[in-house]
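Here is a predicted model to be read through its own terms.

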Amino acid sequence: MPQHVRGVIAPGRNEPVRIETVVVPDPGPGEAVVRVEACGVCHTDLHYKQGGINDDFPFLLGHEAAGTVEAVGEGVTDVAPGDYVILNWRAVCGQCRACRRGRPWYCFDTHNAKQKMTLLDGTELSPALGIGAFAEKTLVAAGQCTKVDRSVAPEIAGLLGCGVMAGIGAAINTGNVSRGDTVAVIGCGGVGDAAIVGSRLAGAAKIIAVDVDERKLAKAKEMGATDTVDSRATDPVEAIRALTGGFGADVVIEAVGRPETYQQAFYARDLAGTVVLVGVPTPEMRLELPLLDVFGRGGSLKSSWYGDCLPSRDFPMLIDLHRQGRIDLGAFVTETIALDDVEKAFARMHEGDVLRSVVVL
């Protein structure tokens, strides 16, 4: 029978979040109910709260989560009750043209649970990125559950559900960073720092971190940046060129999602270099570049959806690398908080005080 749980709701554009009772239905065919153990506070949740994604309020926020499968619906075979899982927001269909061509990370028909979670009065909720994990339990498509080793704490494992995977994947999967490459990362929040970790893992020779916040630049050095650029004090394009023999970086990862920083990324890359946009822009933003420069500089301009990851492949791999000590996923966790503290966490995020606040249930 349907369960009543506590969850964090964004009731309207820029309104404070509030705790409400959420009705979670029994899982239908292809669905799973997951008991959430931890969920990171991601900037995308703030975008939802501010109306920067769409206006389908009220939202059930939270999407960067790990937990335990409690129940599954008819036809579910990949996960079972008791499985420890990371939730993902791109459950691949296996049937679209991208999946059939062996490129499931580009799946054009990713899916979520068909049933809706609701408030007590029957108001349907829009789960953030099809997950809605700022709640004690949530209903998802079973394909959104990726089983991983339980030895890694949920506040650490859950970060692969969005920001950390997006950044590492932007470097490894989208940017194809290789041994000896020079890499610049513009924007050193959680995603940018993850791109630094991914670049180091791939063997980059030089990793240049660019930000306007000295605290974030210091953290970027801890995460593996070899050089830092304070873009308040110096032109980042010229600084990146100076640090790369005058040429520009082989790969520039833009983790801000703004036209001005994208232009910096475009001009800070070497000829035939690669720009990766992993920062999420808002709908009204527009980019203007001379088309001759796009043609004349060559190379690749890419966007990175979720780090172009395949959860069934990448989540277990990164969990194993963490267990081996080759990457430190725990370094991304600044604080653990309760459900009631999500609004305060958004304020700390806005002030740049945290890399990741994580709700622990």
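**Labels and their grounds**

Q: Which residues of α4 are called buried?
A: They are Gly163, Val164, Met165, Ala166, Gly167, Ile168, Gly169, Ala170, Ala171 and Thr174, where buried means under 20% relative accessible area, exposed over 50%, and partly exposed in between, with a 1.4 Å probe and protein chains only. The residues are numbered from 1 along each chain as its sequence is written, and the side-chain values use heavy atoms, with hydrogens and water left out. Because this is a predicted model, local features need pLDDT of at least 70 and side-chain atom pairs count only at pLDDT 80 or more, while totals for chains, interfaces and linings use all residues.

Q: What makes helix α4 mostly covered?
A: Of the 12 residues in α4 (163-174), 10 are buried. These buried residues pack against β5 (64-72), α5, β14 (249-254), β15 (269-277), β16 (300-303) and α10 (311-323), contact being heavy atoms within 4.5 Å. Just after α4, asparagine 176 takes a positive phi of about 50°.

Q: How do you know that helix α1 is also mostly covered?
A: In α1 (residues 43-50), 6 of the 8 residues are buried, namely Thr44, Asp45, Leu46, His47, Tyr48 and Lys49. Their cover includes β1 (3-10), β3 (31-40), β4 and α11 (342-350), and just after α1, glycine 51 has a positive phi of about 80°.

Q: Why is α5 called roughly parallel to α6?
A: Helix α5 (residues 190-202) and helix α6 (residues 214-223) pack at an angle of about 25°, with their axes 9 Å apart. Angles under 35 degrees count as roughly parallel, over 145 as roughly antiparallel, 65 to 115 as roughly perpendicular and the rest as oblique, so α5 is roughly parallel to α6. The contact brings Asp193, Ile196, Val197 and Arg200 in α5 against Lys219, Ala220 and Met223 in α6, and by class it has 4 nonpolar, no polar and 3 charged residues.

Q: What makes β7 and β8 edge strands?
A: The open sheet of 5 strands is ordered β7-β2-β1-β4-β8, with mixed pairing, and β7 (118-119) and β8 (126-127) each have a single partner strand, so one side of each is left without a neighbour in the sheet. Two strands pair if DSSP finds at least two bridges between them; 2 bridges join β4 (residues 59-60) to β8, the two running parallel, so this pair meets the definition. Within it, leucine 60 has proline 127 in β8 as its bridge partner.

Q: How do you know that β14 and β15 are paired?
A: They are joined by 5 bridges and run parallel, and valine 252 stands opposite valine 275 in β15. Both strands belong to an open sheet of 6 strands with parallel pairing, in the order β13-β12-β11-β14-β15-β16, whose edge strands, β13 (227-230) and β16, each pair on one side only.

Note on methods: Helix = DSSP H or I, 4+ residues; strand = E, 2+ residues; numbered from the N terminus. Axes fitted to C-alpha atoms, helices over the stretch in contact; angles between N-to-C directions. Nonpolar A, V, L, I, M, F, W, Y, C, P; charged D, E, K, R; others polar.
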